[in-house]
Amino acid sequence: MTSKERVRAAFEHVQPDQVAVDFCGMSCSMINAQTMSDLRDYYGLEKKLPKINDMSTMTAYIEEDLAEIMGTDVDMLRNYGDTYGHNMTEWKEWEYRGKEILIPANCTLTEDGNGGWYVYPEGDSSVEPSGHFPAGGFYFDNITRTPEFDEDEADVNDNLADYMLVSDAQIAYHKSLIDDLKAKGRAVCCTPCYCGLGDANNVPGPNIKHPKGIRSISEWYTAPLLYSDYVEEVFDKGTDIIIQNMQRYWEEFGSDIDIMFTCGTDFGTQRGPFMSPSTFEEYYLPYYKKVNHWIHENTTWKTLKHSCGGIFPILPYLIEAEFDGVNPVQCSAEGMDPQALKDTYGKDILFWGGVVDTQQVLPFGTPEEVREQVLQRMDIFGKDGGYVANSIHCIQANTPVENIAAMVDAMKEFNGIK
């Protein structure tokens, strides 16, 4: 099987020739830029400065030489813009935690006076900063720049500002990449637009110069109960825009794209869902189903949903919403036992991730502990298809490269690759 065929088989819940593997094929399976630099050194690869995928997570794109070593079956159609509205087409050097890396050329950074940095929406330092990197930190944290929401002054267009029609420049950029990806024979995953329905990473409007509306994360997650009409109108009109974008991408790229990563909104914590399944069913399910149903009726794409945490009680509704896959499969969270997940929902939804715990085992375990967990998880999740193996979310800074190599080696061992 080619990588593309292997991933498609996994989505069809057919046993592929080997378990499909992903590294850096979508925005929640990336590798921190510092770690990426160390990993290239570990494998003795040519020095290439890591290019940032997103300034909020400080993760980096994987280059082809490392992708081949790690054995990934998925390629990302690289993002045109990041969380802060930077264009990911031209680059400049910046030092991050002692490593030279490449960041977007139109990214403007200013010092905070305490050893940290501010970042600005679309690089415009004439407006308030929308992100902050504290001294000694690892990431840029979003800054809430709006006052408490005033229901009497509510205008749904304020929160609809996140749902933007894709530009001709974005289409042209992705067209410049697609032929090279097709030649590699891997499955192609794409995130062409904002589809999150309240993704916490986007709620504060980090890419918007003058955000308005509900921009506090805590306010947003209570909004369906407090301002239900407002939220439903945002979701209804927002999903109309999403579908327009999906239609354009289908017309421009068709089946050259295999997977649409359509949503990164989290619904779980370490101790289970942070909203009731009934609230999800009432306020989120209809709109996710609206988008996914259009995709399945009009394209060949598979749809992928991200949610961290203990989402076992939410999974039936993700399946009803017609999501084909879910990531990152946080097995360390309450209720997320691998065997129970596979036995209960393994025939109905693809699991993408889950192969090793990035909170404890990968950063703090031994290489042998990493190997044991990888082999166990691939054995459980990999039966009868329905699985793409990947770490639980992005690989973080300061993760020992020996442990990452142990993960890669264990994946190859399970798949019988020498």
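Biologist: Two strands pair if DSSP finds at least two bridges between them. Which strand pairs with β16 over three bridges?

Modeller: Strand β17, residues 325–327, pairs with β16 in the parallel sense. Strands here are DSSP runs of E with at least two residues, helices are runs of H or I with at least four, and both are numbered from the N terminus. This is a predicted model, where local features need pLDDT of at least 70, side-chain atom pairs count only at pLDDT 80 or more, and totals for chains, interfaces and linings use all residues. Residues are numbered from 1 along each chain as its sequence is written, and side-chain values use heavy atoms, with hydrogens and water left out.

Biologist: How does the chain get from β16 to β17?

Modeller: The path goes through helix α10, residues 315–320, and this β-α-β crossover is right-handed. That word applies if, with the strands pointing away from the viewer, the path from the first strand over the helix to the second runs clockwise.

Biologist: Is β16 covered or open?

Modeller: Mostly covered: five of its five residues, 302–306, are buried. Buried is under 20% relative accessible area, exposed is over 50%, and partly exposed lies in between, with a 1.4 Å probe and protein chains only. K302, L304 and H306 point one way, T303 and K305 the other, and all are buried.

Biologist: Where does β16 sit in the sheet order?

Modeller: Between β17 and β13. The open sheet has eight strands, ordered β1-β19-β18-β17-β16-β13-β12-β5, with parallel pairing. Its edge strands are β1 (20–21) and β5 (74–76), each pairing on one side only.

Biologist: Zoom out. How many helices and strands are there?

Modeller: The protein chain has 14 helices and 19 strands. Its radius of gyration is 20 Å, close to the 22 Å that the globule rule gives for 418 residues, so the chain is as compact as a globular protein of that length. The radius is taken over C-alpha atoms, and the rule is 2.2 Å times the number of residues to the power 0.38. The C-alpha trace spans about 65 × 45 × 40 Å along its principal axes.

Biologist: What share of the residues is buried?

Modeller: 58% of the 418 residues. Among contacts with a separation of 6 or more, 71% come from residues 24 or more positions apart. A contact is heavy atoms within 4.5 Å.

Biologist: Which residues other than glycine have a positive phi?

Modeller: Among them is E322, near 75°, in the loop between α10 and β17. Another is N398, near 70°, in the loop between β19 (387–389) and α14 (401–415).

Biologist: Now rings. How many aromatic pairs are there?

Modeller: The count comes to 31. Rings of Phe, Tyr and Trp (its six-membered ring) pair if their centres lie within 6.5 Å; planes under 30 degrees apart are stacked, over 60 edge-to-face, the rest tilted. F267 and Y284 are edge-to-face, 4.9 Å centre to centre with 80° between the planes. F267 is in the loop between β13 and β14 (268–269), and Y284 is in the loop between α8 (277–283) and α9 (285–298), 17 residues apart. Both are buried.

Biologist: Why do F381 and Y387 count as stacked?

Modeller: Their planes are at 25° and their centres 5.0 Å apart, so the pair is stacked. F381 and Y387 are buried as well.

Biologist: Which residues share an aromatic cluster with F267 and Y284?

Modeller: W220, F235, F280, Y287, Y288, Y317 and F323.
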